[in-house]
Structures are given as C-alpha cells and as structure tokens.
Amino acid sequence: MEFFQSEYFRKTENGSIKCLLCERGCVLNNNQKGYCGANSNRDGELINLVYGHPVALNIDPIEKKPLYRFLKGTETYSLGTLGCNFKCSWCQNYNISQKHFDDRIPSETVLPDEVVSGAIQADCMSVSYTYNEPAIFYPYAKDIGLIAKENGLKNIFVTNGYQTEGIVCDMKNWVDAVNIDLKSFNREKHLKFTGGELDIVLRNLKAFADSPVHLEVTTLVIPDFNDSEEELSSIAEFILNQLGSDVPWHVSAFHPDYKMTDRNATASEKIFKAVETGKSKGLKYVYPGNIR
Ligand code: SF4
C-alpha cells in the first residue's frame with residue numbers, strides 16, 4: 001500500500017518536489033527516495049512507502065517510551081515502520097531504522113482503523129508512534145491518530161524533534177504527548193553523529209513547551225560523547241530556562257550498538273551523577289533510565 005500525500009510537499013520550479021515532513025527538506029526527482037527512504041517522488045507526487053506497513057507493533061508500558069508523568073501506569077499500543085531521517089551512530093533500533101529496505105517493506109497491510117481496534121482490544125489508553133522517527137510516516141500516524149482521538153485514546157510521539165514548523169503546528173491538533181531526544185548540546189557533534197542540526201531540535205522543543213502538548217525530554221548519556229559535566233549542565237540549564245522546571249528529563253544509559261561499539265556502556269554512577277546535576281540546576285523531575 002502506498003499513500004499519496006498532497007498536503008506534505010510542494011513542487012519546485014525545475015519540476016522536482018520538496019518534502020515538507022521534516023527539516024531535511026529533501027528535493028526529489030521522479031522516482032527518487034528521500035534521505036529516510038520512506039518517501040518518494042512518483043510522477044510529481046510525494047508517496048509514503050511505509051503507509052500501512054508497521055514492522056513493529058507492541059503493547060508497552062508507557063514508562064518505556066519513556067513518559068513518567070502522563071497516563072502513569074497504563075499501557076500504550078506502540079508502532080513503528082522502517083526508515084529514519086537521522087543516522088545516529090548508536091541507534092538501538094538500527095535494524096528497522098537504518099537498514100536499506102527496498103525489499104523489506106511487509107506486504108501485509110495494517111489500516112489505521114485496525115491499529116485503533118487493536119489498541120482498544122488490548123485495553124490501551126493511548127497509541128504511540130515510536131521505535132523509528134514518526135515524522136517520516138506522519139500521514140499514517142495522523143490517520144491513526146484522528147481515529148484514536150475519536151475513540152477517546154491519546155496519541156504519543158517519541159521523536160528526534162526534527163519536524164518542519166508546519167508539522168509541529170499540525171501535531172498540536174491531535175498529539176497529546178511527546179518525548180523528544182536531546183542528544184547533545186554541541187552543534188558540531190550533533191550534526192556529525194546524527195546528521196541533524198541541533199538548533200532545529202531546540203526550536204521544536206520550545207514550540208512544544210509553549211503548547212498544551214505534554215513534553216518530556218530524553219538524553220542518552222554516551223561515554224566520551226556527551227557525558228561531560230559541562231555538557232549535561234548545559235542541557236539541564238536549557239530545559240530549566242527555555243522549557244520549564246516541570247519538564248521531566250530522562251537521563252538514560254548507553255549500551256554499545258550499531259556503529260558505536262568502541263566504548264563501554266555508561267556506568268550507573270555516571271547516570272546518577274547526571275540526575276544530581278539536573279536536580280541541582282532546579283529541574284523537578286529527573287529520572288535515570290536504561291540501567292541494567
Ligand atoms: S521525511 Fe524523509 S523524504 Fe521527507 S524531508 Fe525528511 S528525510 Fe526527506
């Protein structure tokens with residue numbers, strides 16, 4: 001199943017099209033796929049190749065997203081597709097996000113109303129768009145989300161925060177909670193290791209903090225990448241000063257994966273130190289995560 005998404009692109013002067021789902025802003029010639037691999041130009045229209053084709057569909061505790069201050073103690077119907085608009089060297093879900101997937105899109109289709117029925121049957125109170133970056137399958141997520149909303153379910157985005165301003169604005173109409181990764185506070189490192197610009201993520205964090213959408217922030221603390229006291233303090237100060245002291249911050253332990261196998265897992269002491277740092281700056285809710 002493929003989905004034509006007329007609202008999410010514009011035609012350029014030379015006959016190609018520009019995708020408006022995320023700030024990569026891929027300009028695509030006919031039959032060309034975007035950076036994420038999930039969107040393509042088919043005869044001058046943008047099509048979403050993963051529409052209706054989740055590759056992960058699970059019932060998770062909401063704390064696993066992680067969201068600790070939204071629908072506490074409930075389960076959330078969680079789905080993701082192939083592809084991603086970031087290329088994080090440490091991706092813990094690289095099997096679905098980073099692998100070349102021309103021949104891996106499932107033939108089986110799960111329509112939006114079937115996702116919502118599954119969530120209701122499983123007694124979930126929400127649907128989560130997660131595992132890979134949901135902005136790249138936004139048309140599918142939104143179609144599910146609107147049906148979920150009609151049925152009294154909440155919608156949750158677990159995201160790298162790289163949506164265009166137009167998509168952020170649109171999300172406020174139907175998304176109830178977001179968890180955004182803030183992966184580094186250093187512009188060069190952020191760009192080099194994720195492929196994305198830090199300032200765009202910071203812009204979108206502020207946009208959600210200034211909206212009724214519930215916001216939590218996650219930082220994967222990676223040895224010799226972002227684990228200095230200086231960098232963690234800068235992140236905590238940004239959350240405090242720009243987002244608010246009530247915004248929860250999850251500091252999670254890294255485990256070697258994908259292309260980043262040259263270092264050990266984050267020591268639990270380092271995570272508890274980061275929690276102390278966040279609290280000492282004035283954040284009310286700082287949580288350790290992923291400690292084994
Ligand atoms: S969603 Fe994909 S195709 Fe669209 S701009 Fe982002 S990376 Fe490019």
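Visitor: What should I know about numbering and the pLDDT limits?
Guide: Residues are numbered from 1 along each chain as its sequence is written. In this predicted model, local features need pLDDT of at least 70 and side-chain atom pairs count only at pLDDT 80 or more, while totals for chains, interfaces and linings use all residues.

Visitor: Into which domains is the protein chain divided?
Guide: The bounds come from an automatic or database domain assignment. They give domain 1 (3-48), domain 2 (50-177) and domain 3 (182-292).

Visitor: How many residues of domain 2 are in contact with domain 1?
Guide: Two residues are in contact if their C-beta atoms, placed from the backbone, lie within 7 Å. The C-alpha centres of domain 1 and domain 2 lie 21 Å apart. Domain 1 brings 14 residues to the contact, and domain 2 brings 19 residues.

Visitor: Which residues are closest to the ligand?
Guide: A residue is near a molecule if its C-beta atom, placed from the backbone, lies within 6 Å of it. The ligand is surrounded by 14 residues. The closest are Cys19, Cys22, Cys26, Gly34 and Cys36.

Visitor: What is the strand order in the open sheet of eight strands?
Guide: Strands are DSSP runs (E, at least two residues), numbered from the N terminus; helices are runs of H or I, at least four residues. Two strands pair if DSSP finds at least two bridges between them. Pairing in this sheet is mixed, and the order is S7-S8-S9-S10-S11-S12-S13-S14.

Visitor: Which are the edge strands of that sheet?
Guide: An edge strand here pairs on one side only. That holds for strand S7 (56-61) and strand S14 (286-289).

Visitor: Which residue of S14 is the bridge partner of His250?
Guide: Strand S13 (residues 249-253) pairs with S14 in the parallel sense, over four bridges. The bridge partner of His250 in S14 is Tyr287.

Visitor: What angle does helix H8 make with S13?
Guide: Axes are lines fitted to C-alpha atoms, for helices over the stretch in contact, and angles run from 0 to 180 degrees between N-to-C directions. Helix H8 (residues 268-281) packs on the sheet and touches strand S12 (214-221), S13 and S14. Its direction makes with that of S13 an angle of about 165°.

Visitor: Is S10 enclosed or exposed, and why?
Guide: A residue is buried if 20 or more other C-beta atoms lie within 10 Å of its own, exposed if 12 or fewer, and partly exposed in between, with C-beta atoms placed from the backbone. Lys154, Ile156 and Val158 point one way from S10, Asn155, Phe157 and Thr159 the other, and all are buried. Because six of the six residues of S10 are buried, the strand is largely enclosed.

Visitor: Which residue stands opposite Phe157 of S10?
Guide: S9 and S10 run parallel, joined by four bridges. Opposite Phe157 stands Tyr129.

Visitor: Is Leu205 buried or exposed?
Guide: Leu205 sits in helix H6 (residues 198-209). Beyond residues up to four places away in sequence, Leu205 touches Gly161, Ile180, Leu182, Val217 and Leu243. With 22 C-beta neighbours inside 10 Å, Leu205 counts as buried.
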